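Me: I'd like to go through this model with you and ask what stands behind each label. Shall we take the terms one at a time?

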Amino acid sequence: MFVVSPLILLALAALVGGGGSAWLFRRAAGAETTIRLLPWSFLNERREDGLTAFGAALGGSAAIVGALIFLGPLNFCPFALDDDGQADSLNVLMGMILFVVGALLVHTLVMRLALRWLRKERLLGALETRPGLFRGPSAWLIATVFLAPTIGILGIFLYYPMFDTFLLSTKLARLGAPRTRFVCMRNFNQLLSDADYGRTVLVSFFLAVLIVLFSLSLSLLIAQMVYRPMKGGRIYRTLLVWPYALSPVIAGIVFQLLFHNTAGVLNHMIDTLFGFKIDWLLRPDIAPWTVVLASTWNIMGFCILFYIAGLQNVPQDLLEAAAIDGANAFQRFFRITFPLLSPITFFLVVTTTTYAFFDSYGLIDFLTAGGPVEATTTMMYEVFEVGVEARNLGSAAARSLLLFTVVIGVTIMQFRFSQGRVTYGN
Amino acid sequence: MRSKFLFVCGLLLTTMVLAVPVAAQDCTAESPCVLDALIGFTDHRLEWAKDRAVEFGEMFPQFEVVIHEFSDYEPLLDSYILAQEQGDPPAIMQLFEVGTQFAIDSGYFKPASEIIGDRTEVMGQAVDFDDIIPVVSSYYTIGGQWSSVAWNTSTPILYANQNILDMVGIEELPETWQGVEEACAQLQPLVDDGTITGCIVWPNHGWFYEQWLAQQNTELVNNGNGRDARPTQVLLSSEASINIVQWHQDMYQAGYYAYSGVQRDWPGTVQAFNAQQLPFIMTSSASAGGIMMNAADNDMEVRTGMMVYDADVGWTGNILGGATMWITDGLGEEIEDAAMAFLLFFSNTENSASWHQTSGYVPVRNSSVALLEEQGWYEANPNFLTASIQLGDSQVTIATQGAIFGTFVETRNIITQAIEDAMLLGGDVAAILAEAEEEANVLLEEYNLLYVDE
């Protein structure tokens, strides 16, 4: 029935999770200096062994539960053998990914809570004091009450729909169809074995990187030129922010009128002035740059706004002192201004990345409709095409989950990379 | 606090008590029953529909037809499905022709013939389906039954800018692919010296491919183009299919077809023609109104001709495009009859003629064509007659009746993509279509899995 028995998988999860936690607890217990008497005698008498056993049991259970959160609802279908007794290797791979991710998620969460609890009970090290921490016997209750609305809203509008999307991605489902059919990992497998989808992922990254790079660098350049007080500066700065007031859809329509191959204004001008034309939307190697250009123009107003605010807060005395010490304009910019702007740059990198991955689909729809030859079809645009236009909800759910994974990955990388590089002034 | 609570409870109770008799109430002029109708237009065509709804309300004050507009057919259909799932569907919806299979599969609608029965009129509105032009009636007759009421019907035709053609002395409009190629060769010097940017354009959209397939009397899906039984195969690898895509590739590579690079580029192509960048465009007959208005403003002489065909294979006929009006099942006899009466009024001889004059859509009744002729409309506007001739001359075969299958919308997009690939990337057309066929068949198989009982 199964290529790997679910029981073996769960045993493996228990072994690795339990072993890892046991090691973690034992190491933490070794650093302990104070012992407090507690009703659990085994913890008191042979504290280290007790903690190790406790850690093993807790970690093992957490890993089992984690392994079950994705694979349980699916009934371990990725590991099921087909009628010919064959296993699909892609299915097994997807199953292993779900197994590891689920187990890791729950295990990490439980371990964090457990270590925190043990520290609070003085069984392990001392609890570090943080501002804003609830104290007292009913601290848990008060915290829970205050957090309940947020958790409730997040649960109903974010976590439940996400879980539902995951279940939907394992089905054949169409809007308006009388039934759905469970197909396990088929929607994912179709995507992962499709070379076109691989290209879509690459196109999404290509566009995102260029949009972030161009919009941030050009915005900083323009902001640097206009942030100082000058005559009519406020009007000028307002006009600079103007493009952001247009939705990506409108920007798409405007740029289509400009760049259209046969009826476009821009080509008419270029042709009149220089006697040649550029196939802005026709050539697969040029069209992505057209999208980058339009998106950059659309999002730049937003970045300029933040950079102007940031630049106006850069302490002038620092710059003056540097100037007196002989630093030239470039040195002042790269050694003082740019590092001081790092929180804004970081914020803008995250927001423009989100724009490039998610919001740009409206612009793409009206500018290139994903073409030519799918050269500007991004992951988000495909979710829209497949889910909304073709009403193929199962496949669209699978696509949106892959997109979600990619964007989460990119954001985590951005946070990791920025650690120690972003200074908030304190 | 307590009194507030009591007040709210009292209010709720009153509402409930009042609501029950309203639901059970008969339709009267004082409190007319509302018939919601969803349509996919937002421009002057919406205003035309709203005017007819008002007129109907004047004739039958016990009913109020409320028209709800949508920017396109797709969001309209989505809204309808969601309304059905929430248990509160509108009475009437406009559904595009490719959604026909979905309409049948969903079980949401009641066929027009079933509502009418053997009556010759509903609430004083004449039925007379024999008056509907054959291509239209054959498309919407499924299993011997009228499924819906015809409204906006169009077909692609050729528009030509005679001012440009005069520069190279072309007097006769091309009727065939070969004729277009000859004309384009004659026009090439104008492209070379920059007077025009290309020879001919049409939106890259599966609709045109379907038309050329029908012209060659070839079916798009198996099982009698989906009319004998639920289709299980999309047939993109047929000789006729390869022929069409090969012509696209040849025309593009010769520099005659001025592709904008944007799929389904309806506005861009018309804009290019209106800006006198190109002498020829093939697009929907529903664009006639806009194109002729622009021509009058800019001193352009525009002529129209039938959609060109492959002379080596010959012409069987064209398929219609557009949408029809469907009535929701389970409305109750009174509302159902009112909805049917409205639609019969909506598409009667006079209204069908006036709709044609407003929009450029083909008049769906023979009597409307006769009326327009009598009024001298076609004499004054000969370009508005081309589409009617094209559809009127079409032979009714399984191919020209048009395909019916559940994944029509997606398959159209797959075909459009295959044509784009063949033009921009080059390569073997048969191989490109074989790949497209495989993709389309997977979707059809998935669709059938969800709709066929095992």
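Me: How many residues does the contact take from chain A and from chain B, and what makes two residues count as in contact?

Reply: Happy to start there! The contact takes 25 residues from chain A and 33 residues from chain B. Two residues are in contact if their C-beta atoms, placed from the backbone, lie within 7 Å. On the side of chain A that touches chain B, the classes are 13 nonpolar, 6 polar and 6 charged residues. Here Ala, Val, Leu, Ile, Met, Phe, Trp, Tyr, Cys and Pro count as nonpolar, Asp, Glu, Lys and Arg as charged, and the others, Gly among them, as polar. A word on the ground rules: this is a predicted model, in which local features need pLDDT of at least 70, side-chain atom pairs count only at pLDDT 80 or more, and totals for chains, interfaces and linings use all residues. Residues are numbered from 1 along each chain as its sequence is written, while chains are lettered from A and ligands numbered from 1 in the order in which they are written.

Me: Why is Trp212(B) called buried?

Reply: Trp212(B) has 24 C-beta neighbours inside 10 Å, and a residue is buried if 20 or more other C-beta atoms lie within 10 Å of its own (exposed if 12 or fewer, partly exposed in between). Trp212(B) therefore counts as buried. Its place is in helix 9 (residues 206–215) of chain B; helices (H or I, at least four residues) and strands (E, at least two) are DSSP runs, numbered from the N terminus.

Me: What is the expected span of helix 8 of chain B, and what does the helix reach?

Reply: The expected span is 1.5 Å times one less than the number of residues. Helix 8 (residues 177–192) of chain B has 16 residues, with 22 Å expected, and reaches 22 Å from its first C-alpha to its last.

Me: Where does the kink in helix 8 of chain B lie?

Reply: A kink of about 40° lies at Gln186(B), shortly before the proline Pro189(B). The bend at a residue is the angle between axes fitted to the seven residues ending there and the seven starting there. After helix 8 of chain B comes Gly194(B), with a positive phi near 85°.

Me: Which residues of helix 8 of chain B are buried?

Reply: They are Trp177(B), Val180(B), Ala183(B), Cys184(B) and Leu187(B). Their cover includes strand 11 (200–201) and helix 11 (239–253) of chain B.
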